[in-house]
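Visitor: Hi, I'm new here. Could you walk me through this structure?
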Amino acid sequence: MHPFWQTDITYLKRVGPKRAELLGKECNIHTFLDLLAYYPRKYVDRSRVSKVRDLRQSLSHVSLVGRITHFSLSSTKKGRKILTATFSDGSGNLELTWFQGIKWIQNSLKIGEEIAVFGKPNLYNGQWQITHPEMDHLKAETGARSTGQIVPFYPSTEKLSRIGLDSRGIRTIMHNLLELGQIHFEETLNQEICDQYQLLGRSQALMNVHFPENYDMLNRALRRLKFEEFFFFQLLLARKRKYSRNTNQSMPFPKIGAYFHDFFNHHMPFELTAAQKRVLKEIRKDLGRAIQMNRLVQGDVGSGKTMVAFMSMLIAKDNGFQSAIMAPTAILADQHYQKITKMAEKVGITTRLIVGGQRKKQRTEILESIASGEADIVIGTHAIIEDTVKFHRLGLVVVDEQHKFGVVQRSKLWHKADPFPHNLIMTATPIPRTLAMTLYGDVDVSVIDELPPGRKPIQTLVFKESKRLEVFGFIRKEIAKGRQVYVVYPLVEESEKLDLLAAEKGAELLERHFAEFRVGLVHGKMKAGAKDIEMERFVNKKAQILVSTTVIEVGVDVPNATIMVIENAERFGLSQLHQLRGRVGRGDHQSYCILMSGYKVSSDGKKRLQAMKDTTDGFKISEIDLELRGPGDFLGTRQSGLPEFQLANIVEDQELLQQAREAAFFLTEEDPQLQLPKHLAIKANFTRYARKHISLGTVA
């Protein structure tokens, strides 16, 4: 990078120490480079100059060029001062009026000077006028920067505006910077990439993103700079993937043997869906290589991820290796244990469960069976990564809902084998294809996008408070059939006490209406043990209704629960609503999701509720959710793994993202170390980028 761009912003013409200090505090602008990357928030087309004679009341804004022929200061009856000027462009006269900033404006007005004005024209008593117009003195230093062209508007603050750095002021210093800096612009891509994807050169793009020649050039400039943002992030992912493939070696599993074939041919409880078969084929291919498999399997609730994981573990056993599953909660770990043990016993495979709170003697026996290799499959919570757990020959690790574990926890599990075990990640939270492509550049993504045949779709209904008794009647009928019900209240940090109170009152209300049934209550303030007891009571059908302030644990499997009531549903995010709905519909019975909403629901809230009614497809839901919330909110503020793109938007610019990804991954294969002369500019910029963003973009 040319040293020019590291120059302190203080030394730019019309900035100085006072303005520089405030630019740093308000906008994080400290250097010339910081200012260059301070892009406009919008553009207004002032390229068409109108004539007074052509003005119409319907026009929202106009640009006019002419001269001030007269101005005067007057006062209203209440003593308020008004500055009025007569403006003429040769085709007619226009009155300009100001009520604020009068002294400064009056000092700037000169009879006969050519100016440009911009604003909304209004007809008053037969006279055209514009109140508080924007004005440019065309022979002044700023030139016609705000007239006769597409004008950029920059974000500003009240404090900046007070010292002359409103949008107009920032335009001025930006113009000064570009006049000085255009000879120091450096290309960050090579000519091949620019030609292949029809991109403007960087110099042209930067000039046109700040001061566009026309809308075509503005769009091309934005496209080039967005591509660049995507490209360097994807290059980071591509290189991480290349590095991990070269360094993270695992033992290959070349055999598909007796255990796999015995289970597949004689003990499969149901036929695999086409999606399950496709994903299993992808996993088998990965496991056959000496490179560590690092694959994310995402599929909706009930799509059969656990079966795919179990059959992958059978391949590990066929090749003489142990497998481990790490789940985020004891309840979920126990459910995996019960389900997998039932299948494993049919082919003579031994399973073990490790969770907190086990007796010393029991734990010792389990640890010995793992260390000796007697245990083929080990299922547990984070207790599985404790130092006392030693594997005989760990070959495959399955992490369920990996986002609930920290990087260090997942790493400790990997280090229980040498070489690293193959890594399979499962999630029931569908992620839109665009996001998966952006986030998981170093991970292969498999999607189970169909449910087993015969599964009855969950019916989703929306009710307002006035229909509560009707809902209670429906719940009573389902419980009479022997079914169970979840009732979930939102939990918003700012009103946690209120939410807890609402849930407790809700539980009391339900106890009164359903006195003959047991109502359980689970909330975040309970101790883990007490919470587990309540959950187990519900799982074992000893409670008919479970009230909760928190999202019911992901993966908790109660096939007998057929109703999910979500109170104040408009306060939940769309993905949360879908996850909650997935807690029912897990058995053979028809299931229902009842969304209770308030009377005042926002526009986005209505869209979320409608989306829930319209589809049960988790991937469609996730796409709508991403569109409504944007990537930052969709993923969570600080743990998204995404850099803060300034111009690019992964929702709106999907095609460009795909192109940038394609270019980055091709480049990484062609020249992994970026040593070729044609890649030197890319390497220089990437080095700076990687230093800033190296912690981003990993899932494993």
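This is a predicted model: local features need pLDDT of at least 70, side-chain atom pairs count only at pLDDT 80 or more; totals for chains, interfaces and linings use all residues.

Visitor: Great. In what order do the seven strands come in their open sheet?
Guide: The order is β13-β14-β12-β15-β16-β11-β17, with parallel pairing. Strands here are DSSP runs of E, at least two residues, and helices are runs of H or I, at least four residues, numbered from the N terminus. Two strands pair if DSSP finds at least two bridges between them.

Visitor: Which strands are at the edges?
Guide: β13 (351-354) and β17 (444-448), and each pairs on one side only. From one strand to the next, the twist averages 20 degrees. Angles run from 0 to 180 degrees between N-to-C directions, with axes being lines fitted to C-alpha atoms, for helices over the stretch in contact.

Visitor: How many bridges join β11 to β17?
Guide: Five, and the two strands run parallel. Arg-295 stands opposite Asp-444 in β17.

Visitor: And which strands does helix α12 lie across?
Guide: Helix α12 (residues 330-344) lies across β12, β13, β14, β15 and β16, at about 175 degrees to β13.

Visitor: New topic: what's the strand order in the six-stranded open sheet?
Guide: That one goes β18-β23-β22-β19-β21-β20, again with parallel pairing. β18 (459-464) and β20 (519-522) each have a single partner strand, so one side of each is left without a neighbour in the sheet.

Visitor: Which helix touches β18, β19, β22 and β23 as it packs on the sheet?
Guide: Helix α19 (residues 574-581), whose direction makes about 155 degrees with that of β22. Helix α16 (residues 468-480) lies across β18, β19, β21, β22 and β23, at about 160 degrees to β23.

Visitor: Now Ile-594: buried or exposed?
Guide: Ile-594 counts as buried because its relative accessibility is 0%. Buried means under 20% relative accessible area, exposed over 50%, and partly exposed in between, with a 1.4 Å probe and protein chains only. Ile-594 is in strand β23 (residues 592-597).

Visitor: What is it in contact with, leaving aside neighbours within four places in sequence?
Guide: Among the contacts of Ile-594 are Leu-461, Phe-463, Val-471 and Phe-474; contact means heavy atoms within 4.5 Å. Val-565 has Ile-594 as its bridge partner. Ile-566 is 28 residues from Ile-594 in sequence, yet 6.2 Å away in space, C-alpha to C-alpha.

How values were computed
Residues are numbered from 1 along each chain as its sequence is written. Side-chain values use heavy atoms; hydrogens and water are left out.
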